[in-house]
Amino acid sequence: MYNLLISMLIGTAMAAALTVFAGLDYWIAVIAGVIAFAIPFFIITRIVMKKIGELMDIAQRDIQAGRSEKAIKTLESGFKYANWQFYIKSQVNAQIGMILYIKQDFTKAFDYLRKGFVRHWVAMGMLAVCYMKKQKTAKMIETFEKAVGGTKKEPFLWNLYAFCLEKVGEKEKAISIMEKGLKKVGGNETLQANLEALKEGRRMRMMDYGDLWYQFHLEKPGALIKKQTKAIQGRRKIVRR
């Protein structure tokens, strides 16, 4: 990474100069070198992350306006900063993968998501679902484990993990994951309700998460409305005169 290399050169040069030319004590020179390293590293990091943040904002506006392709091209321009800062490339890959996944271009999305940032839990969740659809249960579980390992306090992620486990026939493991999630999150009504649903053999209720849930394309809003309408009609009493 250029940022690290530049900062190290500055810090090393400062420490050497203070030792050789100023005759300062070695440890004082080292401390000064560390400070000389930290200042440019911090400044360059701020500059690069500001540039990336601006690209993310532009891409977000394009997405909201329905210009997905333009948003992807905007994000791709961020790859030029990849050699300047750690994790830039993986963050950009995660964002592009999410856009493609939401568009249901799962093949292309997978290529980006698998190179995404492990702490981007939404992208990791989508990657895990991709593995599930490919019938690669072991990889799905491995991906979810990485996701919850980096984001322990997100209730939706634990719900999604359990939902996918139940979907591939791992009901008992799904229950175990929900119990673990409750402990990590520190209590959550939706987690608790879905845990009880699993134990009682009922379907997990994920629609409460709204768009966050539907963007994973595991359940369609239209299908849900039809089910609810049918259930309501089934409960109606026909009164004849």
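I began with burial: buried residues make up 40% of the 241 residues in the protein. I noted that this is a predicted model.

**Overall layout**

I counted the secondary structure next. The protein has 12 helices and zero strands. The radius of gyration is 25 Å, well over the 18 Å that the globule rule gives for 241 residues, so the protein is more spread out than a compact globule. I then looked up the extent of the C-alpha trace. Along its principal axes it spans about 105 × 40 × 35 Å.

Residues 24 or more positions apart account for 52% of them. The accessible surface comes to about 14,600 Å². Carbon and sulfur atoms hold 57% of that surface.

**Helix α2**

I picked helix α2, residues 26-64. How far apart are its end C-alpha atoms? They are 56 Å apart. At 1.5 Å a residue, the 39 residues should span 57 Å, so the two values agree.

I looked at both ends of α2. Just after α2, glycine 66 takes a positive phi of about 80 degrees.

Then I listed buried residues in α2. Among them are Ala29, Gly33, Ala36, Pro40, Ile44, Val48 and Ile52. Thr45 and Asp62 are buried too. What covers the buried residues of α2? The cover includes α1 (2-20), α3 (68-76) and α4 (88-102).

**Asparagine 3**

I moved to asparagine 3, in helix α1. Is asparagine 3 buried or exposed? Its relative accessibility is 1%, and buried means under 20%, so asparagine 3 counts as buried. Its side chain reaches the backbone oxygen of phenylalanine 41 at 3.4 Å. Leaving aside neighbours within four places in sequence, I found asparagine 3 in contact with Pro40, Phe41, Ile44, Thr45, Trp84 and Gln85. Of these, Pro40, Ile44 and Thr45 are on the buried list for α2.

**Salt bridges**

I turned to charged pairs. Side chains of opposite charge can pair when their charged atoms come close. The structure holds nine salt bridges. I looked up several.

Lysine 103 pairs with glutamate 69, with the closest N and O atoms 2.5 Å apart. Lysine 103 lies in the loop between α4 and α5 (106-113), and glutamate 69 lies in helix α3, so the pair ties together parts that are 34 residues apart in sequence. Both partners are partly exposed: lysine 103 has a relative accessible area of 39%, and glutamate 69 has 47%.

Glutamate 142 pairs with lysine 139 at 3.7 Å between the closest N and O atoms. Both lie in helix α7 (residues 137-150), three residues apart, about one turn of the helix. An α-helix has 3.6 residues a turn, so residues three or four places apart point the same way. Glutamate 142 is partly exposed at 36% relative accessibility. Lysine 139 is partly exposed at 33%. Lys139, Glu142 and Lys146 are linked in a network of salt bridges.

Last, I checked arginine 203 and glutamate 219, which meet in a salt bridge at 3.4 Å, N to O. Arginine 203 lies in the loop between α10 (189-199) and α11 (211-214), and glutamate 219 in the loop between α11 and α12 (221-235), so the pair ties together parts that are 16 residues apart in sequence. Arginine 203 is exposed at 56%, whereas glutamate 219 is buried at 13%.

Note on methods
Residues are numbered from 1 along each chain as its sequence is written. This is a predicted model: local features need pLDDT of at least 70, side-chain atom pairs count only at pLDDT 80 or more; totals for chains, interfaces and linings use all residues. Side-chain values use heavy atoms; hydrogens and water are left out. Helices (H or I, at least four residues) and strands (E, at least two) are DSSP runs, numbered from the N terminus. The expected span of a helix is 1.5 Å times one less than its number of residues. Buried means under 20% relative accessible area, exposed over 50%, partly exposed in between (1.4 Å probe, protein chains only). Contact means heavy atoms within 4.5 Å. The radius of gyration is taken over C-alpha atoms; the globule rule is 2.2 Å times the number of residues to the power 0.38. Accessible areas come from the Shrake-Rupley method with a 1.4 Å probe; for residues, only the protein chains shown count as cover. A polar contact is a pair of N or O atoms within 3.5 Å; within protein, one must be able to donate a hydrogen and the other to accept it, and residues adjacent in sequence count only if both atoms are side-chain atoms. A salt bridge is a side-chain nitrogen of Lys or Arg within 4 Å of a carboxyl oxygen of Asp or Glu.
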